Amino acid sequence: MKQEDRISVIKGIGEKTETGMAKLGIFKVGDLLEHYPRNYDVYGEIKEIEALEEGETAVIEVAVANLPQRKKVRNLQMIQCWVSDYSGRLLVTWFNMPFLQNKIRMGNHYLFRGKVIRKNGMLGMDQPVILSKEEYVNQKDVLQPVYALTAGITNNMVKKAMSIAIKETLLDKDYLPAEIRKECNLIEEKSALRKIHFPNHLEELMEARKRIVFDEFFLFTLALNYLKKQKEQKSSNFKMLSTEACEELMKRLPFSLTEAQRKVWETIRNELQGDSQMNRLVQGDVGSGKTIVAELALLMTAKNGFQGCIMVPTEVLAKQHFQSLSQDLNGFGVRIVLLIGSMTAKEKREVYSCIKNHEADVIVGTHALIQETVEYACLGLVVTDEQHRFGVKQREALFNKGLEPHILVMSATPIPRTLALILYGDLDVSTIDQLPKNRLAIKNCVVATDYREKAYRFIEEQVKAGHQAYVICPMVEESEVMDAENVIEYTEKLQSVMPSYQISFLHGKMKAKEKNQLMEQFSKGEIQVLVATTVVEVGVNVPNATVMMIENAERFGLAQLHQLRGRVGRGGFQSYCIFVNGSQSKESKKRLEVLNSSNDGFVIAKEDLKLRGPGDLFGIRQSGMVEFKMADVYQDAEILLKANEIAKRFTEDEVKLLCKKYEGIRSKLQLYTSDLFL
Ligand SMILES: Nc1ncnc2c1ncn2[C@@H]1O[C@H](COP(=O)(O)OP(=O)(O)OP(=O)(O)O)[C@@H](O)[C@H]1O
């Protein structure tokens, strides 16, 4: 069996399974081998009901206390029964498994394994697996891979196919020569593959993970280092001399730039004036004022006779930037246009023609901006967001169109400078490490759900004083399966508590036009309280909003909560963030306390890492950051540094890679970069 073979060569994979696997991005045997477990499961010891904690997956040994009841809620069939051990009792629920009603017998003893949840204030267990005593004893300490699945594909199916593929695939010789493996203390590629899927114990798993993480970082940094080397020689096609308009804009602003903004701006200005093409990443914590720096660069580009575009991840943000640019650059004779997906075909055609004929100087939009249909007259600057993964691929797409504009990437993901320099290896990095002076530190509190009434009164007071508030809920609508707040019901509830104010909801399932309209109303102050999902997470700027209340805060990652909180405290007004902890678990309380004690994105990222600890194998994906299959930039920082060190040896000494013993690396790199550029 070869890695390039279709997965149907594996015994047991028929047409139906092949279609299901395709939905997981698995087409070839090689894809399957790289479908790494999402997690590992160990049954562990049997727990007493009394000792169960919400959120954990546990095995319990219980007697069934009543006849299993069958219920129908909407289109869900539920079977429920009470179970008990000597320490307490628990409600157990199965969904869409009606046959269990006759299988589960009152009075009998069972071993159940499932997730402990809290519903209506009581602990319960949803969808437990029924284990036989023998199964439990045999499997108790074995690390079981848990895979990402889709409809029609079970964990067992993936496990079976994986075990055949690992046994029967002929893998090439390890591409990393023994000397590098030895230096970096890495196991062989082949062994890593077996151990990542079927580790005998934790140590094996850690070894395998280290090797795979190293490979991801090594190829990535090797490719980037080469790219950077090529880039350095590129000269600028868009030399900009005049800076008068920028001086004028800075004078007109209602605030003066912070020292950090000024420094970053000067660097950008010098680069735009210089002989080489700019490739720069500007990172800064939420609310540090990155937008104005981008505006200055766009103005400079326009006033020097070129076009500049700014590309953002959502239409809401595109509109917001369009408005702030139109306002700030008013009177400078700069023609600004908006290009977003929800515009009509006719509107879009008109904008395309403006761009082509240089009747537009600044173009604001979503990723539509680099599509085939857009032809630029003289694109001199692209400002983009790292959220966009406007990575190597997209830049290449621009170069292929014969365009070699200056590139400015904005990032609110806090990562230490040393790592940023490596990860964005082909970009130079600047940091805005200071918040505007007029900012008052956000006041935070972590509260339980019984604090809500007080919170509503507090929001009402803020609204009365002319301010606005956000309430974030994790879900759009009610769900039978998950006990969490949803925006639709929450809005009704809040409206009845505050009848005299305008309260609206916003979520990702709404049409783009509707979202844009609502955000516009909110930013004009026509809506006082916006109940939303995390669609407001990134970039939204309504400085008049002073309260951010986050329901079920325990369900979000710390970095995400920090981004959400960053939506308030953006003006000179005292702002507040209320984290509502819907869980009783000690862990989530501890995590939320990190946010309570700091408003600094870098500190939070570090603390997050500490809390997660080395036991957390898969980390939490930081929104927006360069994505790896297994590696976590924070957690695996050391491996990243080492991988980069080795990669650099190859880029610094060009003939090195031509040596026979590095043949494997050469062909791996070729494969990797062709993937990157296609
Ligand atoms: N030097 C400054 N002094 C006072 N206010 C400023 C200053 N610079 C920017 N602002 C204002 O601060 C607010 C936040 O700025 P901006 O939207 O650029 O933040 P950001 O860095 O893009 O943050 P985020 O990543 O959260 O979107 C804006 O209302 C902006 O006008």
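Into which domains is the protein chain divided? In this predicted model, the chain comprises domain 1 (43–141), domain 2 (240–274 + 289–411) and domain 3 (443–598). The centres of domain 2 and domain 3, taken over C-alpha atoms, are separated by 31 Å. Contact between these two domains involves 10 residues of domain 2 and 10 residues of domain 3. On the domain 2 side of this contact, 4 residues are nonpolar, 4 are polar and 2 are charged.

Strand S22 (residues 576–581) is paired with two other strands described here. Strand S17 (residues 443–448) runs parallel to S22 and is joined to it by 6 bridges; within this pairing, Lys-443 has Tyr-576 of S22 as its bridge partner. Strand S21 (residues 545–550) likewise pairs with S22 in the parallel sense, over 4 bridges, and Met-548 stands opposite Cys-577 in S22. Together with helix H19 (residues 558–565), S21 and S22 make a right-handed β-α-β unit.

The chain passes from S12 through H13 to S13 in a right-handed β-α-β crossover. The loop between helix H13 (345–356) and strand S13 (362–365) holds His-358. Phi of this residue, which is not a glycine, is positive and near 55 degrees. His-358 has 14 other C-beta atoms within 10 Å and is therefore partly exposed.

A positive phi also occurs at Asn-185, where the value is about 60 degrees although the residue is not a glycine. Asn-185 is located in the loop between helix H6 (178–184) and helix H7 (189–197). Because 11 other C-beta atoms lie within 10 Å of its own, Asn-185 is classed as exposed.

Several individual positions illustrate the local surroundings elsewhere in the chain. Pro-98 lies in the loop between strand S6 (88–95) and helix H3 (100–103). This proline counts as partly exposed, as it has 13 C-beta neighbours inside 10 Å. When residues up to four places away in sequence are not counted, Pro-98 touches Arg-70, Gln-77 and Ile-79. Pro-98 and Gln-69 are 29 residues apart in sequence, and their C-alpha atoms are 9.8 Å apart in space.

Ile-488 belongs to helix H17 (residues 487–497). With 15 C-beta neighbours inside 10 Å, Ile-488 is assigned to the partly exposed class. Its contacts, leaving aside neighbours within four places in sequence, are with Val-476, Glu-477 and Phe-505. Ile-488 and Val-531 are 43 residues apart in sequence, with a C-alpha to C-alpha separation of 8.2 Å.

Val-655 occupies the loop between helix H22 (637–652) and helix H23 (663–677). Since 7 other C-beta atoms lie within 10 Å, Val-655 is exposed. Between Val-655 and Phe-27 there is a sequence separation of 628 residues and a spatial distance of 36 Å, C-alpha to C-alpha.

Technical notes
Residues numbered from 1 in each chain as written. Predicted model: local features only at pLDDT ≥ 70, side-chain atom pairs only at ≥ 80, totals over all residues. Domains from an automatic or database assignment. Contact = placed C-beta atoms within 7 Å. Nonpolar A, V, L, I, M, F, W, Y, C, P; charged D, E, K, R; others polar. Pairing = 2+ DSSP bridges. Right-handed = clockwise from strand over helix to strand, strands pointing away. Buried ≥ 20, exposed ≤ 12 C-beta atoms within 10 Å, placed from the backbone.
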